[in-house]
Amino acid sequence: MNKNITNKVLLSALTVGISISVTQAQAADSVFVGHLADMSGPTAFVGKPYADGVRDSLAYINANGGIKGTKLEFETIDYAYKVPQAIASYKKWKSRKKMVAMQGWGTADTEALISFVARDKTPVFSASYSGHLTDPTGKNPHTKKPAPYNFFYGASYSDSCRGLVQWAYKDWKTKNKNRQPKFTHIGANHPFPNAPKAACAEYAKELGFKVMPPVVISMKPGDFKAQCLSLKSSGSNYGYIGNLGGSVLSLVKSCNTVGTNIQFMSNIWGGDKKVFEAAGEGIRDYIFPTMTPFWGDQAPGMNLVREISKMSDKSGKKERVHHYMRGVCSTFFMKEAMEWAKDNGGITGANVKKGMYAHTNWVPKGLEGVCLSANWSNDDHRGVNQVNVYKGNYNDGDVKIEQVSQVTLKRRDDWLGY
Amino acid sequence: MSSLTMRPCGDFRTSYKQDNTIFETKTIRWVAILSIIALCFAPLIVDGYFITLLIQISYLGIAALGLNILVGYTGQISLGHGAFFGFGAFASAWLSTSLQIPVFLSIPLAGFFTMGVGMMFGMPAARIKGLYLAIATLAAQFIIEDFFARADWFSGGSAGSMAEPLTLFGFAFDTDQSFYYVALFALVFMFIWGCNLMRSRDGRAFIAVRDHYLSAEIMGVSLNKYRLLSFGISSFYAGIGGALYAHYLGYVSAEGFTIFMSIQFLAMIIIGGLGSIKGTLMGVIFMVFLPEALEGIVGIMKMTDWGNIPMVVDGLAYIKEMAIGLVIIGFLIFEPEGLSHRWTQIKNYWKFYPFAY
């Protein structure tokens with residue numbers, strides 16, 4: 001009987017817990033921005049620093065006058081990369097907080113919400129850089145689903161890969177080899193690594209590469225020696241890595257053991273100081289793209305970034321990876337679009353979208369040298385068409401990162417949304 | 001599970017009609033009907049957030065009921081239910097966009113497609129049982145998941161595929177409030193169907209296969225037929241659930257239908273109660289509301305001064321993830337027969353109050 005009562009108490013406690021729902025009172029002059037982040041799920045490795053960038057920026061904007069006096073209310077929800085949680089959070093914000101814009105995260109949540117945000121006219125600033133998000137009107141027949149309310153700061157996965165391939169071709173020529181270079185896509189068979197696969201291979205072929213069959217490695221870290229051996233035997237010269245985090249570490253380590261002679265080029269999430277420090281010896285001339293400078297760089301806008309960083313790290317000593325800066329840029333572009341919206345009819349989702357088209361060669365105020373200049377237009381959401389190509393070296397623990405090239409891609413019509 | 005087939009003493013049924021009834025008593029019947037009517041008015045009372053959760057409960061509930069028919073009633077096991085759910089989603093999206101079949105037809109058709117796939121992967125069940133069967137169905141999970149990523153013609157590959165909203169006589173169910181009625185109708189329909197199935201000859205055969213397959217065979221129940229049929233029905237339910245999910249979101253991506261989803265379906269029916277139809281619904285409601293309730297608690301913490309610092313908020317995010325695991329362990333230890341058993345006990349307690357024996 002006693003056990004029964006304890007159980008009942010436990011059960012009723014649970015019921016009470018479930019029935020609790022939070023409704024916060026809205027401040028008089030404020031707008032709400034939702035922030036979806038993955039801090040404990042499979043992409044947390046890079047999701048955490050990016051989310052910190054967004055969160056610190058939102059807090060900083062609030063602490064410094066908001067959107068021309070309008071307070072920015074925001075909530076960060078760690079949805080652990082689970083689609084149902086992302087949808088539920090979105091709906092909650094939409095129905096209870098009158099959300100005007102959202103800072104999103106990865107492929108999973110961004111793609112699940114495409115239809116909803118277009119219908120609800122809520123601009124989403126994602127960290128999913130899939131090429132198909134860049135065609136807002138469906139101009140390119142390739143585009144299956146136009147994504148009119150999706151924005152992101154940076155070059156798309158396809159464009160970054162194109163930029164890297166362009167660099168690779170020049171690199172090959174300077175090495176003065178007469179053979180035809182070989183290019184391989186390396187990544188898991190998942191939407192995120194696959195996003196640039198076809199587009200990039202097409203461009204590599206156009207440039208004169210021989211495109212080898214893609215090599216599949218899992219998103220989860222593992223022993224990839226077999227895959228490295230097949231890269232070795234195929235004699236591939238350039239390999240594009242579509243994965244991130246632990247999987248990249250395993251690949252680099254495995255290939256180092258096997259002795260694969262391949263030039264790795266990774267996507268934007270696959271290269272940062274943390275990866276290089278952890279991967280160790282295998283990092284030799286590791287090529288990766290960035291859209292921002294690094295923490296130690298001396299750019300005029302870095303002063304503002306350091307101030308923003310103090311929002312969550314009062315000492316100001318914490319070193320941030322470059323994903324953090326992208327989060328800052330994404331938030332500040334949104335902020336300025338909101339400011340434009342406030343002057344032009346009020347901060348609503350539709351006006352914020354219009355605000356994204358109001359500027360040309362646009363760099364948010366105070367972030368000069370941090371965010372690349374961007375141009376969004378109502379039929380082309382390729383905000384940034386520039387790729388900074390960097391090289392990382394492990395150097396026995398003294399990680400060295402240097403810029404090797406800056407590639408500007410043409411805004412080709414057949415590349416829109418692809 | 002023994003209590004499911006054995007009736008408590010004093011529960012006499014004197015006619016076939018009594019034995020076959022869907023609702024045990026008149027009161028239960030009226031409560032069920034009234035609560036469905038009340039649910040019809042939900043969009044007028046609760047906000048969009050709750051409607052989303054109710055829609056989630058509907059499509060997940062339909063799929064979970066399928067799994068419960070397979071695991072709880074027939075005693076088989078499947079670790080590929082998430083993939084079947086995804087197959088239904090893609091199949092319906094593919095049928096409606098590529099073959100121009102109206103969505104209200106493509107949803108049931110997707111169910112039948114998934115049924116075919118499920119029966120194909122259920123074939124090993126004729127030969128193997130238990131853990132071995134679990135691993136065989138695990139293979140289905142990986143094969144189908146990989147198929148989604150590669151079959152561009154079917155699923156759109158890595159780009160995913162879009163699913164049009166359901167339209168009926170020119171009316172598009174493209175808002176949450178309108179789609180809610182579609183989801184509610186499907187939920188009620190599929191659950192009544194499930195109840196009906198369980199009081200039919202086939203339903204009794206499933207239970208016989210589960211409880212003692214040797215005796216069942218001696219009595220003339222074809223084991224292969226019913227094991228396969230159970231896989232088929234279970235996948236049919238998964239397919240319908242998946243198709244609803246696809247047309248609700250309007251977009252299907254290959255990323256979501258992982259082994260984790262399959263495990264979550266299993267967790268739902270274990271928490272709700274294996275071999276119980278109402279338990280399935282309880283388990284689904286529990287699993288949908290749990291993360292939201294935990295999020296609510298994190299939200300309350302954020303409102304306090306000491307709670308709204310990144311360290312606390314991030315820490316709570318981890319605790320939230322762990323809590324779901326903890327609850328499952330807790331259920332397995334303290335209430336292995338699930339919420340439906342607990343519900344029966346609560347009911348009995350009040351029925352005999354204050355003279356409980």
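Me: In which sense do strand 1 and strand 2 of chain A pair, and over how many bridges?

Reply: Two strands pair if DSSP finds at least two bridges between them, and helices (H or I, at least four residues) and strands (E, at least two) are DSSP runs numbered from the N terminus. In this predicted model, local features need pLDDT of at least 70 and side-chain atom pairs count only at pLDDT 80 or more, whereas totals for chains, interfaces and linings use all residues. Residues are numbered from 1 along each chain as its sequence is written, while chains are lettered from A and ligands numbered from 1 in the order in which they are written. Here strand 1 of chain A and strand 2 (residues 71-78) of chain A pair in the parallel sense over eight bridges, and A:Val31 has A:Leu72 in strand 2 as its bridge partner.

Me: Which strand of chain A is joined to strand 1 by four bridges?

Reply: That is strand 3 (residues 99-103) of chain A, which runs parallel to strand 1, and within strand 3 the bridge partner of A:Phe32 is A:Met99.

Me: How many residues of chain B are in contact with chain A?

Reply: Two residues are in contact if their C-beta atoms, placed from the backbone, lie within 7 Å. By that rule, 40 residues of chain B are in contact with 39 residues of chain A. On the side of chain B that touches chain A, helix 15 (277-303) of chain B is one of the helices that each supply at least two residues, and helix 15 of chain B gives the largest share, ten residues.
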